[in-house]
Amino acid sequence: MISFGVFETFGAGLLILGFGYLLSKLRIFSVLCLPAAVLGGVFALSVLVFFSHFFELKISFDESPKESLLLAFFASLGLGIDFSKKSNFSKNFFIFLGLCTFIMVLQNLLGITIISLFDKQKELGLIAGSISLSGSFGMGAFWSEVLKTEPYNITNALDISIACATFGVLFGSVLGAPLGAFLIEKFVLKKENSRFESKEKSHSQKELGTELGNALVLFFSKKELKNTIISVLLLAFCVLCASVIKLFISLPAIIFALIFAFMLRVLCYFFGVNLAHKNLALLGNFCLALFLALALIGINLKALLDIGLPLFVLLCLELVLMLLFVFFITFRVFGRDYEAALLSSAQCGLCLGATPIALANLEKLELRFFSSKSALAILCLSGVFFIDFINVLVIWLFLSFL
């Protein structure tokens with residue numbers, strides 16, 4: 001067993017991300033629109049599994065950098081809000097939230113139905129449904145403690161939820177962006193068919209330049225140096241505050257990071273303090289990509305392999321359900337335009353994996369095509385503030401009727 005500390009883990013993440021960037025330049029991966037973090041993370045995971053199986057060499061990574069990277073990303077979103085541009089996304093936000101609620105109900109109905117055919121405990125269908133898919137690891141850990149007790153007595157609930165969430169994160173990462181790219185290419189949505197607010201290149205990447213040299217020139221340019229220093233200090237302050245408050249309030253720290261960042265952004269707006277928005281976007285997307293790379297190499301494939309035939313069949317059907325839902329319902333409800341394709345890809349990542357997966361899918365599509373302020377706002381508001389609360393209510397209702 002080899003254990004990597006914080007710095008070694010961070011360095012490994014950078015290497016994985018760099019290798020993924022090189023892989024993303026290959027035509028096959030460029031066409032599929034797979035994020036560099038996903039490519040590098042899946043490749044590194046395969047290498048780790050190979051050495052673990054054939055040479056019994058296991059490598060463990062420090063988990064602490066992941067939360068800080070995620071907090072930094074959400075703080076960059078809050079600080080990067082541009083009050084000079086208004087986007088009317090309220091209607092689409094409620095539609096998106098309603099569709100996410102609908103798919104959570106369908107996930108649980110399918111889970112209960114399929115698991116009953118195998119004469120297994122019906123609550124297992126909920127674990128392989130919205131608990132682990134739409135809820136991911138956090139929701140799985142919470143409900144596992146409930147399902148261990150009377151009258152459910154599912155002693156291995158945590159192991160099952162981790163395996164199911166692993167399945168969701170893996171396929172939400174691999175399929176989300178390619179699905180969006182397929183819809184955009186098939187219906188030619190990147191040109192006239194898009195009723196977007198602008199045809200701007202992605203604010204996060206294309207406008208900044210995809211090469212590392214261009215990014216560094218922008219980040220350290222004398223013109224933006226003062227604003228960049230202020231922005232980075234505020235970003236660090238938000239991460240620190242969110243980490244401290246989490247010790248006293250049992251809510252996800254990303255909520256506090258986003259709230260603090262938004263409050264500071266409002267204060268900066270009223271007091272005329274300029275922030276380096278492009279550099280914030282660059283830094284935030286880098287933190288998200290590094291988080292995703294570290295999250296993928298930390299996946300426990302052994303738990304996924306030990307899940308058992310009934311649950312594996314159920315998870316495959318859940319995957320098919322998700323793909324059919326976003327293609328035949330979400331994409332069409334939103335008008336079969338460019339924004340509809342982005343939100344379909346985001347929903348695939350959100351309801352199979354987690355909010356960071358959905359954001360990575362969205363960012364990759366914006367990198368290749370065009371940006372969308374409204375799609376990003378809808379996803380962040382839904383994924384950070386509302387999805388988990390609605391999911392808890394849906395799960396509780398199902399448990400009440402079982």
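1. H5 crosses H15 in a right-handed way (right-handed means the near helix is turned clockwise from the far one by less than a right angle, left-handed anticlockwise). Helices here are DSSP runs of H or I with at least four residues, numbered from the N terminus. This is a predicted model, where local features need pLDDT of at least 70, side-chain atom pairs count only at pLDDT 80 or more, and totals for chains, interfaces and linings use all residues. Numbering starts from 1 along each chain as its sequence is written, and side-chain values use heavy atoms, without hydrogens and water.

2. On geometry, H5 (residues 90-117) and H15 (residues 338-352) pack at about 40°, axes 11 Å apart; axes are lines fitted to C-alpha atoms over the stretch in contact, with angles from 0 to 180 degrees between N-to-C directions.

3. Who touches whom? The contact residues split into seven nonpolar, three polar and one charged (Ala, Val, Leu, Ile, Met, Phe, Trp, Tyr, Cys and Pro are nonpolar, Asp, Glu, Lys and Arg charged, the others polar, Gly among them).

4. Now the largest pocket: its volume is about 1400 Å³, taken as the space filled by probe spheres set on the grid points, which are joined across faces, edges and corners. A pocket is an open set of points on a 1 Å grid over the protein atoms alone, where a 1.4 Å probe fits, with protein on both sides within 12 Å along at least five of seven lines; lining residues have an atom within 4 Å of a point.

5. The lining has 43 residues, with Leu 70, Gly 135, Ser 136, Phe 137 and Gly 138 nearest the centre of the largest pocket. H17 gives the most, eight residues, and by class the lining has 27 nonpolar, 11 polar and five charged residues.

Key
Helix = DSSP H or I, 4+ residues; strand = E, 2+ residues; numbered from the N terminus.
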